[in-house]
Amino acid sequence: MFDVSLFLRHNFARVWALASKKLTSLEIGYISSVMVTELLSPNLGFNQSPNHIQSSILPSIQKLCLSVDYITDAMVSTISKGLMYLSHLDLRDAPIIEPRVTFDLTNAGLQLINQHGKLKHLSLVRSQEFLFTYFRRVNDLGLLLMADKCANMESIYLGGFCRVTDTGFKTILHSCSKLYKLRVSHGTQLTDLVFHDISATSLSLLHVSLRWCNLITNYAVANLASNKDLKVLDLRHCRNLGDDALRAIRNLPKLKILLLDGSDISDAGLAYLRPRVIRSLVSLSVRGCKKLTDKGLSALFDGSSITELRELDLSNLPNLSDNGVLLLAKSRIPIFELRMRQCPLIGDTSIMALASMQVDEDRWHGNSLRLLDLYNCGGITQLSFRWLKKPYFPRLRWLGVTGCVNRDMVDALARSRPFLHVACHGEELGSEQWDSSDGLFTHDYDEVDELEQWLLEGEGESDDEEMVDAEDNAELLQ
């Protein structure tokens, strides 16, 4: 690992001349588009005379993932022409100022993609991290030109194409007969019409993501549900989706990941996921679905035999209370990740219930949870920290709490559990879920089992005493 920014531009390409010709995959966390262009253009080799031209840098690259300042026509052209065997291209930018035409992607740049016809996976994303900006110089024509050379594409992710309408997106669906993964984010002009006749195509979609596509309604989801093999459906921040969307989703027997953040679903709609879909789900997120209450969890989990669910996000639900979490604990679902941040009615009772939860009779209490996010839950007090100590939650690796509850207790807890990452500033825990890979469930936890460590080494008394002292101080302050 090294910091690209430490290299002078004219030395950067020379250094890469030392790279193995057998290198097939390259990922750089940040690099300027100008440096990418110079790296992949014919350039001077390392420690060679100015008259010697290195004609090929990284000739065997098949997978290229870059985060850049600007995605530009010049960079796309250089990549497409220079990398003969490229099959996977992932480009993401995050402009800090509105790009000028010479530092932007246009229809002409899209036309240059896939010059050698080997590209299978394409991702072009303009992040909104620093500035609300889009690919303003790309319209339907750009996608029409690109589609002519992308008939063999299997996976496409387009983020921030605000001027592309249904015409452009439909061209992709009808031109790429092998497409199994479609992701669109911030598609401000994408509507239900894109999927109106999708059942008439030869597509067999397995993964569909339409994040921040606010014109999508239940009708689009009903048409997408004609793909019975769907495994991933990401509809986060599609605000016009309601219970009728869940009515269609209930007919997807292979669905593994369902993300419905910010939608208009209710408790009655959530019940549609029983009995079929909830049995196959590995990950379910209903973050910010304001209508949901404890009754929704009751309708979904009460009496169900659920063994596959590993990730559950119940964050920002104003009507979710301890009663809902008690029901969840009684269900004995072997959840690895449970997020309940920004839930004002969640309190100490929920923590005690989760700490006492047994997934099966032969294993320890609270044994399955690896991640627990309780940031800014309204009812959490110092009492909860007694249930976050060992031997409870022995496999917990990530914990989110509000630091201002009692900073001394937070710090003491972190010191007493060296395998536990404690976050108290509101940051999202772990990696950005669901977005980082093609895998369905790939979160990487430490291999060390903390419970085994305690049994082998003995429980350290000094850390426990520190926690007791912190509790005493908290009581004195009260």
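The exercises below concern one predicted model and are each followed by a worked solution. Residues are numbered from 1 along each chain as its sequence is written, and side-chain values use heavy atoms, with hydrogens and water left out. Because the model is predicted, local features need pLDDT of at least 70 and side-chain atom pairs count only at pLDDT 80 or more, while totals for chains, interfaces and linings use all residues.

**Exercise 1.** Determine which strands pair with strand E6 and in which sense.

Solution. 
- Step 1: E6 spans residues 121-126; strands (E, at least two residues) and helices (H or I, at least four) are DSSP runs, numbered from the N terminus.
- Step 2: Strand E5 (residues 88-93) runs parallel to E6 and is joined to E6 by six bridges; two strands pair if DSSP finds at least two bridges between them. His 88 stands opposite His 121.
- Step 3: With strand E7 (residues 155-159), E6 pairs in the parallel sense over five bridges. Here His 121 stands opposite Ser 155.
- Step 4: From E6 the chain passes through helix H5 (residues 140-147) to E7 in a right-handed β-α-β crossover (with the strands pointing away from the viewer, the path from the first strand over the helix to the second runs clockwise).

**Exercise 2.** State how many residues of E6 are buried, and which way they point.

Solution. 
- Step 1: Buried means under 20% relative accessible area, exposed over 50%, and partly exposed in between (1.4 Å probe, protein chains only).
- Step 2: Six of the six residues of E6 are buried.
- Step 3: His 121, Ser 123 and Val 125 point one way, and Leu 122, Leu 124 and Arg 126 point the other way.

**Exercise 3.** Describe the surroundings of Ser 263.

Solution. 
- Step 1: Ser 263 lies in the loop between strand E11 (257-259) and helix H9 (267-270).
- Step 2: Ser 263 counts as buried because its relative accessible area is 6%.
- Step 3: The side chain of Ser 263 reaches the backbone oxygen of Leu 260 at 2.8 Å.
- Step 4: Leaving aside neighbours within four places in sequence, Ser 263 is in contact (heavy atoms within 4.5 Å) with Cys 238, Leu 241 and Cys 289.

Technical notes. Polar contact = N/O pair within 3.5 Å; in protein donor to acceptor, adjacent residues only side chain to side chain.
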